[in-house]
Structures are given as C-alpha cells and as structure tokens.
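Welcome, and thank you for opening the viewer.

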Amino acid sequence: FEVLRSEARVMEGLRSLLIETPFIHDILKLNVQPSDSDYAVDIRNPAINWINNLETDSRYSSWPYSVQELLRPTFPGVVRQIRKNFHSLVVILDPTHESSAELLNVAEMFYSNNIPLRIGLVFVVSDVDEIDGMEDAGVALLRAFNYITAELDAHTAFDTMFNRVPSGGKLSVGDVIKVLEKKFPYVEVGSILGPDSTYDNNRKEGRGYYLQTGVGPLPVVMYNGMPYQREQLDPEELETVTMHKILETTSFYQRAVYMGELATDQDVVDFIMTQPNVVPRINPRILSTARTYLDLSNTNNHFIDEYARFLFLDTREKSTAVANNDGYIRPVTFWVVGDFDQPSGRQLLYDAIRHMKTSNNVRLGLINNPSDSPSEENSRVARAIWAAMQTQTANNAKNYITKLAKEETAEALETGADGMDVALFKSAFEGPKFDFLLSHAVYCRDVLKLGNGQRAVISNGRIIGPLEDGEVFNQDDFLLLESIILKTSGERIKSKVQQFGVEEDRASDLVMKIDSLLSSQPKGEARIEHAFADDRYSAVKIRPTEGDVYFDMVAVIDPVTRDAQKLAPLLLVRTASNTCHLGVLSHSKYSLTAICLSIFYRYVLEPEVLFQTDGSFSPGPLAKFLDMPQTPLFTLNLNTPESWMVESIRTRYDLDNIYLEEVDSIVAAEYELEHLLLEGHCFDVSTGQPPRGLQFTLGTPSDPVIVDTIVMANLGYFQLKANPGAWILKLRKGRSDEIYKIYSHDGTDSPADADDLIVVLNNFKSRIIKVKVQKRPEKFSEELLSDGTQENDSGFWESLTRYLSLSFTGGVKMEESKQEKDDVINIFSVASGHLYERFLRIMMLSVLKNTKTPVKFWFLKNYLSPAFKEFIPYMAEQYGFQYELVQYKWPRWLHQQTEKQRIIWGYKILFLDVLFPLSVDKFLFVDADQIVRTDLKELRDFDLEGAPYGYTPFCESRREMDGFRFWKSGYWASHLAGRKYHISALYVVDLKKFRKIAAGDRLRGQYQGLSQDPNSLSNLDQDLPNNMIHQVPIKSLPQEWLWCETWCDDNSKKKAKTIDLCNNPQTKEPKLQAAVRIVAEWSDYDQEIKRLKGPCEDAGGNRYKSIYSKTSPIST
C-alpha cells in the first residue's frame, strides 16, 4: 500500500501539471533515482608526488605487461601482479599531524610487499612565502622530501623521511634536520630548508589541489580518486578495505578487457579517469543521499511582483509563483539564493553565471534573501538585477548581471552594459515598488526555511543549503551538480517532455517540476516494462474508466498458492475503484501434487469509506469467508502489521476449533486494535554493545511513567505499548538514570541534544527508534546487573506492571511490599481455545484447593478468548486470588512461527526475561492440562543450586513406551551426554539468576539459528532448553513432581504431586476422556467450575464485559 500511495502522489502531481494520462505512464517508467556509485576526483594532477610507477620502475620489470593477463584463471582472492597502473592510492596529508605516520606505514607496507598499487602523496602545508623550513615542520619535510627526490628518487625520500617519526608522534623541525644531517652529512641544511631554498616544488599546488577537490578534512586517502570514509582510515581497516577494493576493481577491468574497451596500448589511468563517476570536485552537500526537494507540482498564474497576493499563497503555490518568473529554456534549472547586496551572495551568483556561460543545458533563476528588511539603500544590487531581467534581453541582462557580480557594482549601476536600454532600465530600477523583494524574503523564510542572508542553491527543485558562512560553492560544484542531474534525470525527462509538443518556455518548467516530483520519491526498485508475447488465453484484463488517471498493474500468480490468496483481495479492492488497469496472468506449476487448500485468506479492507442509509458511517470493513468446506477443523487467526497489538473482544465460538458442520448459522468474531508498539534499539557508544538491563519509561508530562521496559541483549531491542499521541521516552529514574545518559538518538521528534525524547505516534505505521547511551564518567566501572542490585523505586514496579498487563487484579488487592513478594506464589500458564481454557480453569482450581500460600496467576493474554477474560475476574473474586494478563509482541527480527501452537510454545520459553515485571523474582509454570495435588510452596522454595530454572525429567518407568523415547538414541543421546531430557509441562524459574546470566538472550540466539531449519525444534518449548543445557544449566526436579501416564508406570502415580495429561502417541486417546479416566477429582473440579460459571453468565457477564471494553480505546 505504501507503493500505491507513493505512486498516487506522483500521478496526482503530474496531473496537476496538466500532463495527459498517456504521457503520465511514460514518465512514471523513467528511472530517475540517484545512483549509489562512488564518485572520484581526477588524480592526473602534478601536485601528486608519485612514489612508484608500476609501468616504468625496474622492480616490476619481471611482471607481465599485457592486460589480457586479467583474463587468465587464478585462485579466488589472488591479487594479479601486472605491470599496469590499474590501482592508485593517493594520500593527502599534513605531515605534522599525529595520524600521518600510521597511514604512511600502511602505504610503505603495500610498497614493500609488492602489492600492485601505485602510491602518491600530496603535502598540505603552509603556503605563506614568508614561512620557511627552519620554523615550520611541514614546510621542512616538504623541502627535504623534494631534495632527496632530486638527489636520489621518490621512494628513497619516502622511506627516509617517514620511517623516522614514531606512530602518534608529532613531527618537528629538529626531526627533519637530524635525518638530513645523517643522510647528507656534507650538505648545508640551511640551503635546503632555509628561506633561499629552491625545493618548494608542489608547495602551493598541493594545498590548491586539496582545496579544489573538496575531499574533506585531513588526512584523506583515495583509491583511484575515490575518498575513503573516515572510519576506514584506521590502519588495520585501511589495509583490509584497500585489498578489497583491488579485488573488486579487478572484475571491472576484466569486463572492460573482455568487451574490448581496454587494450594493452591504452593508458589505464586515462581510462579510469574518464569514467562517468569521475568529477572535478567532490562536494558532500551535492553527493549526499539525504535530499530535500521543493513541491513544484502546481500550475497557476501568480507572480512575485504582487506581494499582497503572494503572502497568502500556500507553500506549493509560492514555489510555482517563483518559477513563473523564470524565462530561460534548459533541462537543468539552477536557482541561486543569497543576498546579492553582500559579497558572499554576489560571489555565488558570479560562479553560477560563469558556469552557465560554459553550458548549453543550464538556465538560471535568482532569489534575493536580504540580510535586513529591504530598503532603497540595502537593495540596490538586487533591484538592479531585477530591473535588468524585467526590461532587457536575455543576453544583455546576463552581461549586466555578470558585471554586478564581479564587484564592479558602482560603475555598472551608473553606466549599464553595452546594448542596454538604459532609460527603460532606470525606470524599473527607480520604481517605488519592492513587492518582488518582499515576496523573495517571505519565500526564503517560509518555504526554504533560510535565515536572513543565508545562501542556497536549488537545482531542479532540490534544495542544497543553507550554505555556511565562508563555505565554498564554486563553478566546479555547479558543474558537478549539472552532471549528476543530466546523468540521473535531466536528459531522460527532457526527451519525454519534447514529445508533449508544448511551447519551449513551458517545456523547461515541466522538466524542472517533473524532476523535482520524481526525484523526491523514496528510492525503490528500478522499473521494468514487461512485454508478454501472447496473453489472450492466459490473462484476465480489467480496464479503468476512459480518460481517468489510473494505476497500470500486472500480477503474475500461481492461483493455488498462499501468496496468491493474500494478493487477490488487494487486487479486487483496487479494481473496485475503477482507477486500475489490471492484468492477471496465471503461472501455475507444471506438476501439482495437491490442489487442496488448507489456508484461506481475506483482507479487511474497503475501496472507500462507506455510509449507511441514514448517512452515518458503516460499522467498518469485514472479512467474509463464504462457501467454505464443512468438514475440516478451522482456526481463525489474524495477520496484522508488526506494530499492532490486536485481540478478539466478542465471539460465541471457539476460534481455535471451528467445525462448520456443527455451526447453526455463522461464526462471527470482532477484534480490537488495543495498542500500537513503539519499538527501538539501544546501544552503548563506548562498547558498541546493548546495555543489557537498561530500563526506559514512556509517559506524558502529567504522567511521566505510564509504561516501562528493559533492553534485550539481542540487538539492543526494546518495545513499549502505546497509543496515538505525543510520548516522552526517558531513562528510568534509579540505577539506569544514575549510570547512563542518552548520547544520541534517531527517529524521534526531539532535538539532537535532548535528554528526554519526544516520540509522536500519529499514524498506524511502525515506529522504530534508535537510542545510543553512554555511561557517566563517575560510573564507568559499574554494571547495571550485579549481585544484590535492584531498583528501589516502588513506582517502577507499579508502572512496569501496568505496561505488561491490563492491571486486572481480582480478589486480593495487589501491593508492592517486600513481604507480599515473599508470600505470593507466582504461577504462569498459557492456553488457547475453549478446550484448553476449560483445562486451565480446572488446573487453577486444583492449585487453590491444595496450596495454602496466596497465589497470583499470570496468563498470556495474546491468545485468550473473550469468554475467559470475562470470567476470570469473577473467579478471582470468588476464590480470593490475584491474577494479571501479560502480553508481548513477537519481535519482527526473531524468526517467525506460522502455526499458533508453535507460537504459544515460543512464548513459554523465549521471552521470560521481558514478559514479567522485574519485581517478580521467581515463578512456576504449570501446563493448562495439569492437576496439582500438593502445596506448590514446596516447589517455589526448591533449591535450584545456582541454575536459572528447574524442569522435571521425562519418566522412564513405563517400559512399553521405550520405542517412543527419541532422546535415548541419535542426536539427543549424543548431545545430552548422559544428562536427562526434561519435559516442559512444569518448571520453576529463578528470574533474578535467569536475567543475570542473560539466559533469555542466549535462548533467543540459539532459537534464531536452529529455527531456520524446519526439521529442528519439533517440540520448541522443551527442545530448546534441553538443547541449551550446556550453556543454560537445568536443575532436575524430583520425579514425583510430574506424573504422566504415557511415560510413568502406575505404581509411581500414588506419589505424584502433579498429574499431566500428556498425549499418548500409542493410543491417541482424547484429552477429555483421559482426564476423566486418569484423575479421579477432575470431574468434581469440572462441575464446580460449571456451577461457578452459571451465575457469572446469567448475572455478572455483562458487568465484567463492560469493565473489559473500557481498556482498549483504539478500535478497528
């Protein structure tokens, strides 16, 4: 849908430019996005001191010379030694900088090891003539280098001068003198370094080359003219990256040789320097991928000389009004913005005009951005420019404006230029109206967002600026900008616009406006025009309404696949709006083993807003499944956007077990969007690792702590439940805030230096932020997770509980005292479907009947039915227990499961460290289909002997089941190495230990690796902890804690403290039947629950329903 929305915006913009529908689709097919190629500068410059030359130096004479050697087979990764300057490394440096020696050591290593790399140096030293080598170390080294090169050779000079300075040391004049005295004891050092020295070669040229190329702060390293990133200048990284570039570029040369584009007698350096990515100057502003464009998709008759009207135009109309005053015809349009009554503004204008005179592709527009409020005294040049453009021919106006820009201002204002109509010019210049100046000032302030007097350049709608004071933007920058526009968009759009048959002045405007519109769109895949030889019998075609703008779509599908089912409803909705030209081609497999569909998809979407007969909105879109098979057993599930938390709120049926043969009429279910997720990743800038255990809070100014979370070690991930609105994200008061501070952030709505981050959720899309934190200097040695360290703020536990639950507390009111934490037994369980919810209620009752200590149940809310959520408060009130519903969204980066049962298994083990509040130190997991026959306080207090959790091993006493004990042979027997395989129906978790050893992060990491194989983790919830038994140890609980008829013999049943209704792979007995037969008290418990449900449904059902419905303000 994002693709369709983006496409619709472009089509709407093109339509507003009065472009006809057939041409719109031709324009949309143009690929005008900027390329990702690395730009390079020309290295054929005499300012570069080359240390070696592979083609002429004798040390390389034994190497082959022919470029055909590139095509000779070699082992992968071998660098080919050919006597050609295929690879050049240029180092631009200040010799006195501390990092220079390290970079040159790497260059020396390349040379000494005969790497086929030509090495060049550019020295950037003081170019002041009065400074000589006896007082400036940089000048001294340059002169010494030139002297040794003249006397011996460049490599000797390189080796002599740069191997004497220790890495990280700072060069001094004394260092240079010592080298010269030792190497040339009979030479007067003053004659080499002093004011009368003749060894100043490339002193001014080196600095000039550095400034002209614009490659950024020193030092700079370039490979074949392409500058390295700053992080690549680390010596070890520099070596690795350079070797990678050599191997990567070799394939480029191989192709050139193979295609006949490069021959042995050609100059390789000339060949590489004539490639399209080579530019005269590298300007990061121009080459940046973060670009801002004006909205020029409008057509009107407004002009800037009507200030009263211009002031009330919207942003798009103002841009169009400015464009309406532009009169030259070219595929590239530059608007130069500046205060032309100031030297800096005139210099920018002058460089633009100089470039325009050398190019036939450029037209120029001028926007004056005054430093002060326009007046007659401070706008003489701006008014003169405007008067010349309004009254003179294009050539005369250009000559006159050139004179103004060249600082011949006073003379030009008085005498004009040759051929000018001076009288007409003076009448316009001396006129009383300043409307155009006022309009320009408003436009710069409101649309371009520039400060008074700031400079900028706008190229085909792309804003480059504001330029800093003193920042150079010269003729070479305009050339670079023009070449990029022509290469990516200008020429292609121009060729299309020429087909429109419009007049020339409008044609140039269209090129500019179309370029701005297309280039401003997010970069996507290149468009490919598909042509099908014969689709008369294999395609379904649906045509749009004649004359309307439409989407041109072609869908190629296999009709019986899952993806085709997902796509079909979207295509139907798209065609229902009559704005789509759709072609559907069926592309089925040649051989089908099964055509039967087991999964059916519908999309909850309508083509437009619908109304009822009384004019009110319709209830909303529905997903309808009609003509479904009657015999299969279905499960109704939702596939929602990653950031949505959706739950069912009303239904009579068990959505996990839908058997249509037994349904009277229809199965109806209503869902609600309960929360939108705010997700993020957090890292410590000092270590580059996630700050495990760091706590964030999310709230508002009036309620600062509404929800909380902790940061995982996996990718530094965290998630917070929120709703639309503005939220404040901050570090939790306590140890998190004491040890760490926020260093930087990305994706928020706050200034870069803000401590408290504002995040605005104003749509239903995913919101992912990135936060970097740093330890406070006085806390650098402290760790968040350490023995005996906890947050003391009771408000934290309360708010974190609100985050992880609906805060339903039944029976006993929850308090956060230490005494209660010790006295309450926390029991966690999961269930999905009415059958397992029935088992779950009976399991709870068995716990309450046998446990004297207060109990708090924790249930995974994600898959509970509305009926269970309505009943549980009533049951809690009757039996006096506490409960909470917790939920967590499966992270998008973690391998997804598709079957609901496996998803629930995942929740049993993968998110235990983040699912519960940090105030919960220990909990027990009890399966829903279990019966408890003892006080669970004994299990809670069981000594785990340092292990993070304890599981019960599988019984081995029922010998007739030996053939089904898979862990006794093969992989499991080898992996366990004599240890027991444990069952996941009952376990106890020490959350303090679990979090301290990062058990959750380890389990998720192992799961991510194993789950890629569909044959791994067949029983996810128990295979994973057993697989990780060597990394996350398991304490084996006594066997009597879990008895299961499938695996345990009848004699051990009398000692059983819990009975689990395990599936029997031999008899496959239904669970209800097995429960009645195996557990004597099960039927009594079942009847007691039924008696309890009766009055709840008759008298209290609506009451609890109304309570529940208030918890979710967002509804779909």
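Begin by selecting lysine 449, which is exposed, with a relative accessible area of 62%. This lysine 449 sits in the loop between helix H19 (435–446) and strand E11 (455–459). Check its backbone too: lysine 449 has a positive phi of about 60° although it is not a glycine. Keep in mind as you go that this is a predicted model.

Now move to lysine 1068, in the loop between strand E35 (1058–1060) and helix H35 (1071–1078). Its phi is positive, about 55°, and lysine 1068 is not a glycine. Is lysine 1068 buried or exposed? Lysine 1068 is exposed, with a relative accessible area of 64%.

**Stepping back**

Show the whole chain for a moment. The protein has 36 helices and 35 strands. Of its 1116 residues, 51% are buried. Among contacts with a separation of 6 or more, 75% join residues 24 or more positions apart.

**A cis peptide bond**

Select leucine 218 and proline 219. The peptide bond from leucine 218 to proline 219 is cis, with omega near -10°. Proline 219 belongs to the loop between helix H8 (203–213) and strand E5 (220–223).

**Two helices that cross: H3 and H9**

Next, display helix H3 (residues 100–112) together with helix H9 (residues 235–258); their axes come within 9 Å and cross at roughly 40°. That angle makes H3 oblique to H9, and the crossing is right-handed. To see the contact itself, show the side chains of Glu102, Leu103, Val106, Met109 and Phe110 in H3, which meet Pro235, Leu238, Glu239, Thr242 and Met243 in H9. Sorted by class, this contact of H3 with H9 has 7 nonpolar, 1 polar and 2 charged residues. As you look along a helix, remember that an α-helix has 3.6 residues a turn, so residues three or four places apart point the same way.

**Another pair: H14 and H20**

Hide those and bring up helix H14 (residues 343–357) and helix H20 (residues 475–497). At what angle do the axes of H14 and H20 cross? They cross at roughly 55°, and the axes come within 8 Å. H14 and H20 are therefore oblique to each other, and their crossing is right-handed. In H14, pick out Leu348, Asp351, Ala352, Arg354 and His355; they meet Gln475, Phe478, Leu479 and Glu482 in H20. The contact of H14 with H20 has 4 nonpolar, 2 polar and 3 charged residues.

Leaving aside its neighbours within four places in sequence, asparagine 474 is in contact with Arg281 and Asp351. Asparagine 474 and glutamine 347 are 127 residues apart along the chain, yet their C-alpha atoms are separated by 8.5 Å.

**A three-stranded sheet**

Move on to an open sheet of 3 strands, with the order E13-E15-E14 and mixed pairing. Strand E13 (539–542) and strand E14 (551–557) are the edge strands, each pairing on one side only. On average, neighbouring strands of this sheet are turned by 10° against each other, direction ignored. Helix H22 (residues 562–576) packs on the sheet, touching E13, E14 and E15, and its direction makes about 155° with that of E14. Now zoom in on E13 and strand E15 (residues 580–586), which pair in the antiparallel sense over 4 bridges. Lysine 541 stands opposite glycine 583 in E15.

**A strand with two faces**

Select strand E25 (residues 757–761). Which residues form its covered face? Leu757, Val759 and Leu761 do, while Ile758 and Val760 make up the uncovered face. The bridge partner of alanine 726 is valine 760, in E25.

**Last stop: a covered helix**

Finish with helix H34 (residues 1020–1027), where 8 of its 8 residues are buried. They include Leu1020, Leu1024 and Pro1025, and also Asp1021 and Asp1023. To see what surrounds them, display helix H28 (900–909), strand E32 (949–953), helix H31 (970–976), strand E33 (982–990), helix H33 (999–1010) and strand E34 (1034–1036): the buried residues of H34 pack against these elements.

Methods. Residues are numbered from 1 along each chain as its sequence is written. This is a predicted model: local features need pLDDT of at least 70, side-chain atom pairs count only at pLDDT 80 or more; totals for chains, interfaces and linings use all residues. Side-chain values use heavy atoms; hydrogens and water are left out. Buried means under 20% relative accessible area, exposed over 50%, partly exposed in between (1.4 Å probe, protein chains only). Two strands pair if DSSP finds at least two bridges between them. Axes are lines fitted to C-alpha atoms, for helices over the stretch in contact, and angles run from 0 to 180 degrees between N-to-C directions. Contact means heavy atoms within 4.5 Å. Angles under 35 degrees count as roughly parallel, over 145 as roughly antiparallel, 65 to 115 as roughly perpendicular and the rest as oblique. A crossing is left-handed if the near helix is turned anticlockwise from the far one by less than a right angle, and right-handed if clockwise. Ala, Val, Leu, Ile, Met, Phe, Trp, Tyr, Cys and Pro count as nonpolar, Asp, Glu, Lys and Arg as charged, and the others, Gly among them, as polar.
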